[in-house]
Amino acid sequence: MGKPHVVVIPYPAQGHVIPLMELSQNLAKQGIKISFVNTVFNHKRVLDAFGVDENGLLHLLSVPDGLEDGEDRNQLGKLTESLCQVIPTQLKELIHKVNGSNDDKISCVLADISMGLALDVAAELGIPTVGLWPAAVLQLAVLLRVPKLIDDGLIDENGTPLMKHKMIQLSPMTPSIHPMNLVWLNIDDSPSTPKFMFDFQLRNYRVAETTNWVLCNSSLELELQGFKLVPKALPIGPFLATNRLGNFSGNFWPEDPTCLQWLDQQLPGSVIYVAFGSFIVFDQIQFQELALGLEITEKPFIWVVREDITKGKHHNYPKWLNERVGNQCRIVSWAPQAAVLGHSSIACFISHCGWNSTMEGVSNGVPFLCWPYFADQFLNESYISDIWKIGLKLQKDEGGIIRKEEIKSKVEQLVGDENFKTRAIELKQMVTKSVGDGGSSDKVFKNFVQWLKS
Ligand SMILES: O=c1ccn([C@@H]2O[C@H](COP(=O)(O)OP(=O)(O)O[C@H]3O[C@H](CO)[C@@H](O)[C@H](O)[C@H]3O)[C@@H](O)[C@H]2O)c(=O)[nH]1
C-alpha cells in the first residue's frame, strides 16, 4: 500500500485557508500525501504571495468558485451561493482526476465544515470524510442548539432574532451571545443573505454529524465546556502559532518581514500590535479615529493596513503619522502575524478577534483589546474578556464609533494591570502543553494520523 492520500478543501477565505494549510503541513510531515484544493482565485493569490511551495510537501490544486474575474469575493452570501452551484460538479471531476492507481487512492476528504457540500460529494463517492472546524467549538454548539433556540422563541425558522435583548447562554461557564450577533447575521448587505447563510450553516452542521471525524482548531484547556456540548468534536489545536515566517502558510498577501527587525529594536513589552484579519473594511471616520487613538497612546505600534482596509482605495492618514512611521511605528500591508505576536517587544494586540488571531495571541501569551465586527468575533471577544480574562472590550459611543479617548484609556488599563499579562502567560502555558508531546490535542492528532495510516 502507498502513502495515505488526503484531499483537503478549505472554505475560500483567508481565516479558513491558513488553518487548513497548517494542518496539512503537519500531516504531510507525518508522511501523508496532501492534495490541497483552493479556488482558482485563491490558488493564484497564494502562489503570488509566496511563490512555489519550496518544501514541496503539498500538491496544490484548484477548482473555480463560479464568480467572474473582478467580482467581489468579500460578499460572502454571493460567494457561497456560487460555490453551492459549481463545487459539486467541479469537485467530482477533480476527485476522479486525482484518484490515482491503487498506490495513490484517496484515503479521505478532509474539508472545512463550512464546505459541507464538499463532504457531501465525497460521501456520495464512497470516500471517508473528515470535517475540520476552524473556529471555537462553542460556535459549533450554537448551530447544534438552533432547534432549541427556535422552540424557546429566541429566533424564528429563518434564524431571525425574536427577543433582541435576551442573551443566549449555552452553559453557565461559556460566553453568552447577543442574538443580534448570531453568526449568520451581519454578513453582507444583501437582505436575503442571513436566511441563506442560516440554512447553509445548518446544513453544514448536519453533514458534519455523518463524517468519520470532526476535528476542531481548539483545545480542551480553552473550551472544556464547549467540547462537552459537542461530544463528537475533538480538539486538535491550536494549530501552532509560533513562527510561520518563511513557511508556506497560505497567506493571500506577501508578508512584510521588516517589522520583525524593527521590533528587535524596541523595548520588551512596549509595542501595540494592531490587526483586523483579512476581511474587515473601515469607514473613513473610524479609520481616522483609530489612527488618532494610536497617536495619543504615545506608544510604539505596528498597524496592519491592508490595501483594501478602507472603503475607497486611498487611506486618509493624519499628517503626524507619516512623520512617525519608520521611527516610532510601522505600517505594513500584511505582517508575519504569528511571528510578530511571539516577539518579546509586543505589549498587547488590538484585534477583531477572528479565531485564528485569537489562537495566535493566546498561544503567545499576549493580552487583547477586543474590536469585533461580525461572525464568531463577539463570541471570541467574550472568551477573551469574560472567560479567560486576558483582555478588555472596546466600547462604541452612541454613534457606533470607538473613539480615540476610549482606545487610549483601554490601552493604559490593559498594559497598566499586570494581571492581564499573568493570566495570558498561564493560558499560553496550558495551550502549549495541549499541543506538546502527549498533550490532549497532540493525542488526537496522533490518533488521527494512525487512523489515516491504518
Ligand atoms: O497582517 C496579517 C494579518 C493577519 N494574518 C493572518 O491571517 C489570519 C486571519 O485569520 P482570523 O484572525 O481568523 O481572521 P479573518 O481573516 O477575519 O477570519 C475569518 O475566519 C475565521 C475562522 O473561521 C473567523 O474566526 C473570523 O471571524 C472570520 O472573519 C491569521 O492566521 C493571521 O495570522 C497575517 O498573517 N498577517
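Colleague: In which helix is the place of N204?

Modeller: In this predicted model, N204 belongs to helix α7, which covers residues 193-208.

Colleague: Why is N204 called buried?

Modeller: The relative accessibility of N204 is 3%. Buried means under 20% relative accessible area, and therefore N204, at 3%, counts as buried.

Colleague: With which residues is N204 in contact, leaving aside its neighbours within four places in sequence?

Modeller: N204 is in contact with I113, S114, M115, G116 and L117.

Colleague: Let us turn to G153. Where is G153 found?

Modeller: G153 is in the loop that runs between α6 (146-151) and β6 (168-169).

Colleague: Why is G153 called partly exposed?

Modeller: G153 has a relative accessible area of 22%. Buried would require a value under 20%, and exposed a value over 50%. The 22% of G153 lies in between, and therefore the residue is classed as partly exposed.

Colleague: Which residues does G153 touch, not counting those up to four places away in sequence?

Modeller: G153 touches L162 and M163.

Colleague: How far apart are G153 and V362 in sequence and in space?

Modeller: They are separated by 209 residues in sequence and by 36 Å in space, taken from C-alpha to C-alpha.

Colleague: Now the domains. Which domains does the domain assignment of the protein give?

Modeller: The assignment gives domain 1, made of 5-248 + 433-453, and domain 2, made of 258-416. Their C-alpha centres lie 26 Å apart.

Colleague: How do you know that domain 1 and domain 2 are in contact?

Modeller: Contact means heavy atoms within 4.5 Å. By that rule, 30 residues of domain 1 are in contact with 25 residues of domain 2. Between them the two domains bury about 2,300 Å², with 63% of this area on carbon and sulfur atoms.

Colleague: Which elements give two or more residues to the side of domain 1 that touches domain 2?

Modeller: They are α1 (14-29), α5 (137-144), β7 (176-177) and α8 (220-229). The residues of this side divide into 16 nonpolar, 12 polar and two charged.

Colleague: How many salt bridges does the rule find across the interface of domain 1 and domain 2?

Modeller: The rule finds zero salt bridges there. Across this interface four residue pairs are found in polar contact, with both residues at pLDDT 80 or more.

Note on methods. Residues numbered from 1 in each chain as written. Predicted model: local features only at pLDDT ≥ 70, side-chain atom pairs only at ≥ 80, totals over all residues. Heavy atoms only, no water. Domains from an automatic or database assignment. Buried area = accessible area lost by both parts, 1.4 Å probe. Salt bridge = Lys/Arg side-chain N within 4 Å of Asp/Glu carboxyl O. Polar contact = N/O pair within 3.5 Å; in protein donor to acceptor, adjacent residues only side chain to side chain. Helix = DSSP H or I, 4+ residues; strand = E, 2+ residues; numbered from the N terminus. Nonpolar A, V, L, I, M, F, W, Y, C, P; charged D, E, K, R; others polar. Buried < 20%, exposed > 50% of the residue type's maximum accessible area, 1.4 Å probe, protein only.
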